[in-house]
Amino acid sequence: MKAITAEELYKTYDKGKVKALDGLNLDVEEGTVLGVLGPNGAGKTTTVRVLATLLVPDAGRAIVSGIDVIKNPQEVRKIIGLSGQYAAVDETLTGWDNLIMFGRLYHLSAKAAKSRAIELLGQFSLTDAAKRPIRTYSGGMRRRLDLAASLIVKPKVLFLDEPTTGLDPRGRQDMWGVINELVKGGVTLLLTTQYLEEADQLADEIAVIDHGKVIARGTSDSLKKQVGGERLEIVVENQHMAATKEIVARVSSSALNVDEALRQISAPVTTGSKALIEAAKLLDEMGIHPLDIGLKRPSLDDVFLSLTGHVAEEKKDEDLALASKKRGR
Amino acid sequence: MHAILDALIITKRQLLQLARVPELILFSIIQPIMFVLLFRYVFGGSIDTGQPGGYVQLLMPGIFVQTVAFTLAGTAVGLTADMQKGLIARFRSLPISRSAVVFGRTLGDGALNIVVLTAMGLTGFIVGWRPSSGLLNITLGFVFLLVFGFAMSWVGVLIGLSVREERVATNATFIAVFPLTFLSNAFAPTTGMPKPLQYIAEWNPVSTMVAGCRQLFGLENQFGATAGSFPSENPLTMSIFYMIVIMAIFIPLSVRKYNRAVNK
């Protein structure tokens with residue numbers, strides 16, 4: 001049974017000048033997690049907005065849990081949860097106030113709203129911060145509260161639009177933990193992200209989108225295979241370059257990539273950390289201390305490069321500054 | 001029934017904001033109070049009104065109307081902020097009535113007006129304002145003001161949901177309302193204006209509101225409304241007509257706008 005189906009969705013902005021969705025097709029099996037991966041401006045947010053009833057597409061059909069999103073938005077709203085790219089809670093109010101307000105707006109009784117708020121605050125480790133205004137929360141706490149607000153009525157389908165964008169590494173880890181717990185509970189989840197690592201961590205399947213349509217779909221393993229998997233990268237001092245080349249050649253069956261200027265030798269590996277340990281052992285035996293050694297996972301750029309032949313490009317001017325900041329991390 | 005309850009939850013949110021950040025109330029009443037004192041003592045001495053009780057009797061209705069007209073600004077800025085932060089998107093994803101959020105907001109701003117008008121009325125009383133028309137008419141005068149504020153608030157909804165930035169909302173509403181309140185009989189007689197402006201001032205809803213309030217607060221002198229024209233002869237009728245027209249236009253437009261609103 002499909003929890004989400006989108007067929008041939010089209011949406012243009014600015015009187016047809018910007019094509020946000022260009023014949024997008026998507027479906028998500030009930031109880032699974034789909035990661036929608038793509039750069040800024042690829043159409044991720046527009047997709048979520050259409051599915052979450054906020055935006056009517058120019059053409060196409062969207063069904064959530066058997067209900068037509070365009071014909072019957074109010075029914076869809078009863079069974080979905082949405083947590084957006086920007087934490088959409090009232091910052092002036094406390095975490096408690098927010099959860100009560102949203103609970104009441106979901107038409108819970110005052111008593112039910114209270115007990116649900118207590119439950120959610122506990123679940124998201126926010127009990128101690130409950131009576132503090134949101135503006136005193138850290139980025140991670142804010143996101144957790146936002147997520148809690150979207151779970152008030154235990155939605156059948158949950159949409160998370162870039163749930164960790166703007167969070168520090170620790171906040172991201174916490175958020176991943178929280179989302180993984182939710183998924184165990186059986187909710188159908190569609191999440192958008194710019195990070196392959198995130199989709200890898202959370203999603204059963206990944207849909208890569210570019211220019212408003214899906215350009216690849218599969219498990220993270222199958223996508224990585226397509227992209228070329230992990231690479232071993234070693235940086236050594238000049239006098240050890242030759243010996244290191246030999247070592248890398250022994251752990252990888254593919255062609256080496258040597259950057260003399262960076263004194264970096266790299267090669268694709270199929271055995272992951274095993275290859276890394278082996279290389280490190282061999283280097284140690286030879287008495288070579290690498291300046292840097294590690295496994296590089298394919299990035300969003302690698303995925304795009306191999307799928308489309310071009311790097312992930314930004315399309316919306318207003319997102320540019322923000323995006324370059326994100327990339328910088 | 002749900003529609004009303006949903007709207008009241010949104011109104012309650014706004015009142016809760018005031019309770020959590022009391023400075024918000026303080027700043028909403030400081031400016032109007034300052035205006036009452038400034039106009040009373042700066043212009044009061046030099047404008048001869050021939051009115052028993054002096055300029056302050058005429059000033060208070062004028063400044064009440066100006067203040068409630070500016071409700072529009074608060075509504076607009078509040079909604080633009082909600083939109084920017086993504087709160088409107090969250091509200092729109094909820095199974096609530098299609099007009100709850102905007103109705104709740106205008107009711108909330110109306111409720112704040114009760115506090116503001118009370119503070120101004122008390123300040124006015126301290127500096128010599130003495131409405132002489134009896135409790136019923138005075139109450140009617142305030143109801144009249146609140147309804148006008150409510151109507152103007154709907155103009156603010158449309159502006160607030162149409163602009164992208166809070167600062168734009170602030171400037172746009174200021175530019176819209178400021179000339180409207182001064183191109184009127186609120187603070188000075190319109191008879192001194194150039195003819196075309198006199199004409200505009202006479203038909204200006206702010207002028208008919210001010211004249212209507214003066215009538216309800218028991219003043220004979222219409223202060224500036226040139227005699228004989230329809231709006232100056234029938235300020236209450238004209239004001240009610242204006243309020244109905246504003247609401248009939250802006251409520252449907254605003255609700256429609258809300259249901260299509262997405263932040264960038």
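Good morning. The structure is a predicted model, in which local features need pLDDT of at least 70, side-chain atom pairs count only at pLDDT 80 or more, and totals for chains, interfaces and linings use all residues. Residues are numbered from 1 along each chain as its sequence is written, while chains are lettered from A and ligands numbered from 1 in the order in which they are written.

I begin with chain A. Chain A has twelve helices and 14 strands, where helices (H or I, at least four residues) and strands (E, at least two) are DSSP runs numbered from the N terminus. Along the principal axes, its C-alpha atoms fill a box of roughly 75 × 50 × 40 Å. Of the 329 residues in chain A, 44% are buried. A residue is called buried if 20 or more other C-beta atoms lie within 10 Å of its own, exposed if 12 or fewer, and partly exposed in between, with C-beta atoms placed from the backbone. Among the contacts in chain A with a separation of 6 or more, 67% join residues 24 or more positions apart; a contact requires C-beta atoms, placed from the backbone, within 7 Å.

The domain assignment of chain A gives domain 1 (2-79 + 155-225) and domain 2 (230-296), with bounds that come from an automatic or database domain assignment. Taken over C-alpha atoms, the centres of these two domains of chain A are separated by 38 Å.

Which strands make up the open sheet of four strands in chain A? The order is β2-β1-β4-β5, with antiparallel pairing; two strands pair if DSSP finds at least two bridges between them. Strands β2 (18-29) and β5 (67-68) of chain A stand at the edges with a single partner strand each, so one side of each is left without a neighbour in the sheet. Within this sheet, β1 (residues 2-13) and β4 (residues 59-64) of chain A pair in the antiparallel sense over five bridges. E7(A) stands opposite R61(A) in β4(A).

A further set of pairings involves strand β11 (residues 230-235) of chain A. β11(A) pairs with strand β13 (residues 264-269) of chain A in the antiparallel sense over six bridges, and L232(A) stands opposite A267(A) in β13(A). β11(A) also pairs with strand β14 (residues 292-296) of chain A, again antiparallel, over five bridges. There, E233(A) stands opposite G294(A) in β14(A).

I turn to chain B. Chain B has twelve helices and zero strands. Its C-alpha trace spans about 60 × 35 × 35 Å along the principal axes. For 264 residues, a compact globule would have a radius of gyration near 18 Å, and chain B has 19 Å, which agrees; the radius is taken over C-alpha atoms, and the globule rule is 2.2 Å times the number of residues to the power 0.38. Buried residues make up 48% of chain B. Of the contacts in chain B with a separation of 6 or more, 82% are between residues 24 or more positions apart.

Is helix α10 (residues 205-216) of chain B mostly covered or mostly uncovered? Eleven of its twelve residues are buried, so to this extent α10(B) is mostly covered. Among the buried residues are P205(B), M209(B), R214(B) and L216(B). The buried residues of α10(B) pack against α3 (55-69), α7, α8 (166-182), α9 (195-203), α11 (230-233) and α12 (235-258) of chain B. At 1.5 Å a residue, the twelve residues of α10(B) should span 16 Å, and the end C-alpha atoms are 16 Å apart, which agrees; the expected span is 1.5 Å times one less than the number of residues. α10(B) is followed by G218(B), whose phi is positive, near 90 degrees.

Next, the nonpolar cores. A nonpolar core is a set of buried Ala, Val, Leu, Ile, Met, Phe, Trp, Tyr and Cys residues joined through C-beta atoms within 7 Å. Which residues touch the most other members of the largest core? Of its 139 residues, they are L51(A) and V65(B). Helix α7 (residues 134-162) of chain B gives the most to this core, with twelve residues. Apart from it lies another core of twelve residues, among them L232(A), I247(A), V251(A) and A275(A). Leaving aside neighbours within four places in sequence, V65(B) is in contact with L145(B), F148(B), A186(B), V206(B), M209(B), V210(B) and C213(B).

Notes. Two residues are in contact if their C-beta atoms, placed from the backbone, lie within 7 Å.
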